Amino acid sequence: MGWDNWNAFGCSVSEDLLLGTAQKIVYYGLRDLGYQYVILDDCWSAGRSSNGTLLADLTKFPNGMAHVADQLHSMGLKFGMYSSAGYYTCGRYAGSLSHETQDAQTFADWGVDYLKYDNCYNGGQAGTQMFSYNRYDTMSQALNKTGRPILYSMCNWGEDSPWNWAQTMANSWRMSGDIYDSFSRPDVRCPCTGDEGYDCALPGFHCSVLNIMNKMASIQSKTQSGAESDMDMLEVGNGGQTDDEYKTHFSMWALNASPLIIGTDIRSMTPASLSIYSNPAVIALNQDSAVSAAVRHWRYYVSDVDEYGMGEISMWTRTLNNSDVAVALVNAGNNSRTMNATLAEIFFDNGAARSPEAKIGYDVYDLWGYRMDNATATNVLNGTSGPINGNSTTRYNSTAMSYADGLAMNSTALLGNRTGSVPPLGTLTAMVPRHGVGLFRLRAQPAGMKKRDEL
């Protein structure tokens, strides 16, 4: 979890931007929700010295990169850096291909904690899984040799199926071309949809939220602890989607255990955006120790298509470490609708209606039911909210108590709003808005518990 400047600022980077954003991450309580990495993307470099060492652009970073790292560390944050497994970065600055050992040591000497490693100008060293594996593994080994723990975030856009080989050398890998701030609009520059199975020769860019979400369905089994599919940075707050669309975007990235990297200008964040990024009940799914992506059990096309001709509904589940089950009902149709999921469908992989799990009742918690209201979010942004109350239903401090411990103590902020129950072999039902999501945590009722408030 963290923040990256690229979606909001592109190449307009500076020391002031990073450190000013870092202060807001702390002040707004985002650090204590788990957003710990401040990631500097492309365009920071001034090339190489006479001995080949990477140089920072001192007009943008007058005190150097080690100073930036020191300042971030003093705030309890971590420093993320960018390079490319190519001769140039995507912004045509010096890349790290053939300089891996030297650059890795430079990053370690600067105090870097995270490396985003891109795929531009790779000299044709792609096209087979082995080509890409060798190119990215060279940097992995170089980082390990420095002796400094540096999270390795591969950004090869899903080219050459990294989900088949990246687990042994990286902490995350991009599984798609670049996102853009649209919920459903298709773009020819993102030619693959996930319906290929997912075998995509040209990942492209300008991929919508719906496009990336559906690509995850085929590679669900590849995510594991310490090695996650990266669905790309979050667009929440950048203005291209509705509030319901942004809620769906954030929910499905969290449910699929994707890194949650804020991609907007935190310094000018709106109350609505803060309340999405700060929803502890949704973040708790993302941070659950039973790391896995969600299973898409069904997907149906619907007749009420949006302005781009897109219209579908789907149901996704994920079993959590404490045996709770998260369920997402996604309405990518153009109208609000009632959506249903039977326990037989939810527990299909366990034996459907024959499974023991489908034959018991569940309490249902709406994970958006205690979303921070705009007045509270405004107070947080203004610095007038005060400390987080331990009984708060909307705010949480994971520095003071981990998500796992909070759930073990039945923290309401993490469980969400209990809205009812589902009886044995029953049906979960929810009204879901256009391009929205119903996101729920199901918790098994104790044996012998009477039915109450059934949905």
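Biologist: Which residue forms a disulfide with C11, and how far apart are their sulfur atoms?

Modeller: Keep in mind that this is a predicted model. A disulfide is a covalent bond between the sulfur atoms of two cysteines. Here C11 pairs with C43, and their sulfur atoms are 1.8 Å apart. The pair links distant parts of the chain, 32 residues apart: C11 sits in the loop between helix 1 and helix 2, C43 in the loop between strand 2 and strand 3.

Biologist: Is C43 buried or exposed?

Modeller: C43 is buried, because its relative accessible area is 0%. C11, at 34%, is partly exposed.

Biologist: How many disulfides does the structure hold, and what pattern do they follow?

Modeller: There are 4 disulfides. Counting bonded cysteines along the chain, the pattern is 1-2, 3-4, 5-8, 6-7.

Biologist: What does the disulfide of C90 and C120 tie together?

Modeller: The sulfur atoms of C90 and C120 are 1.9 Å apart. C90 lies in the loop between strand 5 and helix 4, and C120 in the loop between strand 6 and helix 5, so the link joins parts 30 residues apart in sequence. C90 is partly exposed at 32%, whereas C120 is buried at 14%.

Biologist: Why is the disulfide of C192 and C200 called right-handed?

Modeller: The handedness is read from the torsion about the S-S bond, which is about 85° for C192 and C200, so this disulfide is right-handed. The S to S distance is 1.9 Å. C192 is buried at 7% relative accessibility, and C200 is buried at 9%. The link of C90 and C120 is right-handed as well, with 90° about the S-S bond.

Biologist: Which residues of helix 4 are buried, and what do they pack against?

Modeller: The buried residues are E100, D103, A104, T106, F107, A108 and W110. Their packing partners include helix 3, strand 5, strand 6 and helix 5. Just after helix 4, G111 takes a positive phi of about 90°.

Biologist: Which residues form a nonpolar patch on the surface?

Modeller: Y87, Y88 and Y121 form it, with about 330 Å² of accessible area together. Y88 lies in the loop between strand 5 and helix 4 and counts as partly exposed, because its relative accessibility is 45%.

Methods:
Residues are numbered from 1 along each chain as its sequence is written. This is a predicted model: local features need pLDDT of at least 70, side-chain atom pairs count only at pLDDT 80 or more; totals for chains, interfaces and linings use all residues. Side-chain values use heavy atoms; hydrogens and water are left out. Buried means under 20% relative accessible area, exposed over 50%, partly exposed in between (1.4 Å probe, protein chains only). Helices (H or I, at least four residues) and strands (E, at least two) are DSSP runs, numbered from the N terminus. Contact means heavy atoms within 4.5 Å. Patches are made of residues with over 30% relative accessible area and no salt bridge: like charges are joined within 9 Å, nonpolar side chains (Val, Leu, Ile, Met, Phe, Trp, Tyr) within 5 Å. Accessible areas come from the Shrake-Rupley method with a 1.4 Å probe; for residues, only the protein chains shown count as cover. A salt bridge is a side-chain nitrogen of Lys or Arg within 4 Å of a carboxyl oxygen of Asp or Glu. A disulfide is a pair of cysteine sulfur atoms within 2.5 Å.
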